[in-house]
Amino acid sequence: MSEKLVLIEKKGKIAYLILNRPDKLNALSVELFNDFDLALDEIETDNEISVVIIKGSGKAFCVGYDVGSYEEPSVTEDRDYLEVCTRRWIRLWEFPKPVIAQVHGHALAGGTQLLACCDIVITDKNAKFGFPSLPLGGGFVGIYWGWHVGPQRAKLLDLTAGSRISGEEATEYGIAARCFDGEILEEETLKIARGIAKTPGDVLKLKKMAHNRIMDLQGFRTGIMYGPEQDAIIHTADGIKLMYQKINELGLKGAIQWFNDQEV
């Protein structure tokens, strides 16, 4: 039996949810998502757990969605799949226990959707946050950033393929709450989680709901639910098809090199 792609470890009232695909830098696959959903199910019903910490095994937090060969689904099929992904992130955002993202290495593309739907992000100050190295879609990942960093910074990063900011900059921008040196990241994140876990679980649930309700009134849920439609439409653009053509011809690394070598 293969090892689970999402592991659970418990320390008192704290549960670690660990993305466990280190050979792929914890890229998000269908199999990983299945294990992620099951892990959330288990933690949600465990009354001994008050706070969740999500982290990645190996060298990265999460580098986003798997990028394979382009199969060109219909717009409706594409939109439906993207909505499933979006509803998973909404479930995380609505999760009845506080969720902390502990970020090290790279947090890219879909991995930033994950952390943007956590309640608190604690990061290694040298971690790298950012966007896909190729423009493979649009209106899906970047719209999560605007809620945390503001529209101008979100556009600057989203419109520049391959853009990166450090964990220290992410904290300054507002997509992370605190940053630490990498060697003390785990210790400091656990200290923060334990501080939160001292408050009774029913109180934490209601306090979290109160904060989320304000974001709801401002349009968070409605806004990100537009993402599947936007991305599915953009996937039909000739420019996106060109990107996948280059990936199929040159491989991912070769396509990125081709993109970066363009003269404009």
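Which residue in β6 is the bridge partner of Gln102? I looked it up in this model, which is a predicted one, and found Ile122.

Next I checked the strands around that pair. Strand β4 covers residues 99-103 and strand β6 covers residues 120-124. The two run parallel, and I noted four bridges joining them.

Then I went for the whole sheet. I found an open sheet of six strands with mixed pairing, and I wrote the order down as β1-β2-β3-β4-β6-β9. Strands β1 (6-11) and β9 (178-180) sit at the edges; each has a single partner strand, so one side of each is left without a neighbour in the sheet.

On to helix α2. I counted off 20 residues, and the helix reaches 28 Å from first C-alpha to last, close to the 28 Å expected at 1.5 Å a residue. I listed its buried residues too; among them are Asp78, Leu82, Cys85, Trp89, Leu92 and Trp93.

What angle do helices α2 and α8 make where they pack? I got about 135 degrees for α2 (residues 75-94) and α8 (residues 201-218), with the axes 10 Å apart. That makes α2 oblique to α8. On the α2 side I noted Leu92, Trp93 and Glu94 in the contact, and on the α8 side Lys208, Asn212, Met215 and Asp216. The residues of this contact divide into three nonpolar, one polar and three charged.

Key: Residues are numbered from 1 along each chain as its sequence is written. This is a predicted model: local features need pLDDT of at least 70, side-chain atom pairs count only at pLDDT 80 or more; totals for chains, interfaces and linings use all residues. Side-chain values use heavy atoms; hydrogens and water are left out. Axes are lines fitted to C-alpha atoms, for helices over the stretch in contact, and angles run from 0 to 180 degrees between N-to-C directions. Angles under 35 degrees count as roughly parallel, over 145 as roughly antiparallel, 65 to 115 as roughly perpendicular and the rest as oblique. Contact means heavy atoms within 4.5 Å. Ala, Val, Leu, Ile, Met, Phe, Trp, Tyr, Cys and Pro count as nonpolar, Asp, Glu, Lys and Arg as charged, and the others, Gly among them, as polar. Two strands pair if DSSP finds at least two bridges between them. The expected span of a helix is 1.5 Å times one less than its number of residues. Buried means under 20% relative accessible area, exposed over 50%, partly exposed in between (1.4 Å probe, protein chains only).
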